[in-house]
Amino acid sequence: MKKSMTIGLIMFMIAASASAKELTLEEAVEMGIKNNYQVKKDEKNLENVKLQVKEAYKLGMPKLSYSGTFTRMEEYKNSSGNLVDSNYSNQIILQQPLFAGGQVITGIKVASIGEEQSKYSLQNTKNSVRLEVIEAYGSIIKLQKNLEVTERALNELNKNYEVMSEKYQLKMVTKNVLLEMEYSISDLESTIIQIKNGIEISKIDLKNKIGMNQDEPIELKEFQDNSPKASEINLSEDIAYAKENNLNIKIVKIGTRLKEASEVMDRAALLPQVNFQFNYGKEDPELSKSMDIGEWNWGATVAVNYDIWYWGKN
């Protein structure tokens with residue numbers, strides 16, 4: 001019975017190992033970036049910012065609209081002597097901003113800076129996820145190598161223990177020698193259990209970071225460490241490169257530019273607004289006549305608007 005259970009356990013372990021998903025470092029990083037919530041959030045934010053850039057350009061484009069109104073008023077006689085108490089208006093309106101105090105151009109600039117900032121934020125998030133996955137992946141590989149070394153040491157110690165046991169039977173060594181070896185064996189076995197537990201916990205952490213099902217077994221492939229040697233590192237050049245290309249520094253600088261552009265846009269709102277408007281339509285007490293396109297008239301207007309007092313809002 002015991003033998004059959006042992007064989008069954010071995011077969012189960014072989015089947016589990018065979019079905020385990022092999023994962024490389026590059027695949028783990030790709031899964032981490034693909035499934036990370038913050039990356040998805042930053043990507044959606046970038047899409048929205050790109051739409052804002054398009055909207056900013058549209059603010060300077062002509063606007064075509066239709067206006068239809070009905071007005072009820074106090075009864076009066078018109079020029080024809082007829083009593084009138086209502087009025088209908090139908091017209092097509094074309095509007096074009098001529099001067100907006102720089103709000104349109106500055107709005108495009110603000111939106112473009114926001115897009116640049118969103119791109120850097122997205123890349124910064126991806127880099128952070130990449131580092132987290134590499135760190136988690138590397139810790140598992142390190143633990144697995146420690147496990148191999150410890151298991152080999154335990155195997156060698158067990159062999160030496162057998163030899164010493166035979167010598168003890170022949171009265172060639174004392175009991176203390178065996179006791180010390182038994183203590184070392186027990187210590188190594190405890191260490192192996194701790195390492196295995198550490199591997200399992202680290203795998204759970206890695207699966208969380210890459211968005212993988214916890215029930216799916218994985219096998220990690222070792223990766224080559226391509227880190228430069230100490231003799232190949234030029235600290236001053238690396239510091240200069242980091243200052244120039246660090247994403248966090250770029251995001252801060254862009255934030256300053258965005259603030260300055262927003263201040264310019266706020267000041268532009270204090271300036272007069274000049275708009276051109278072309279109207280084509282008609283007003284008439286009778287609805288049918290107001291809708292007769294053949295009777296419509298056109299008119300062009302240049303309007304200047306300027307808020308002199310707005311209760312301190314501007």
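This is a predicted model: local features need pLDDT of at least 70, side-chain atom pairs count only at pLDDT 80 or more; totals for chains, interfaces and linings use all residues.
Residues are numbered from 1 along each chain as its sequence is written, and side-chain values use heavy atoms, with hydrogens and water left out.

**Exercise 1.** Work out how α4 and α7 are oriented to each other.

Step 1: Find α4 (residues 103–169) and α7 (residues 247–268); helices are DSSP runs of H or I with at least four residues, strands are E runs with at least two, and numbering starts at the N terminus.

Step 2: Look at their axes, which come within 9 Å and cross at roughly 160°. Axes are lines fitted to C-alpha atoms, for helices over the stretch in contact, and angles run from 0 to 180 degrees between N-to-C directions.

Step 3: Angles over 145 degrees count as roughly antiparallel, under 35 as roughly parallel, 65 to 115 as roughly perpendicular and the rest as oblique. So α4 and α7 are roughly antiparallel to each other.

**Exercise 2.** Find which strands each supply at least two residues of the nonpolar patch.

Step 1: Pick out the patch on the surface: L64, Y66, I92, L94, Y280, I293 and W298. Its members have over 30% relative accessible area and no salt bridge, with nonpolar side chains joined within 5 Å.

Step 2: Check the strands, and you get β2 (63–77) and β3 (83–99). I293 sits in the loop between α8 (287–290) and β6 (297–305).

**Exercise 3.** Explain how E55 and K58 are placed along helix α3.

Step 1: Their side chains meet in a salt bridge at 3.9 Å, N to O. That term needs a side-chain nitrogen of Lys or Arg within 4 Å of a carboxyl oxygen of Asp or Glu.

Step 2: E55 and K58 are three residues apart in α3, so about one helical turn separates them.

Step 3: By this rule, the count comes to 10 salt bridges.

How values were computed: Patches are made of residues with over 30% relative accessible area and no salt bridge: like charges are joined within 9 Å, nonpolar side chains (Val, Leu, Ile, Met, Phe, Trp, Tyr) within 5 Å. Accessible areas come from the Shrake-Rupley method with a 1.4 Å probe; for residues, only the protein chains shown count as cover.
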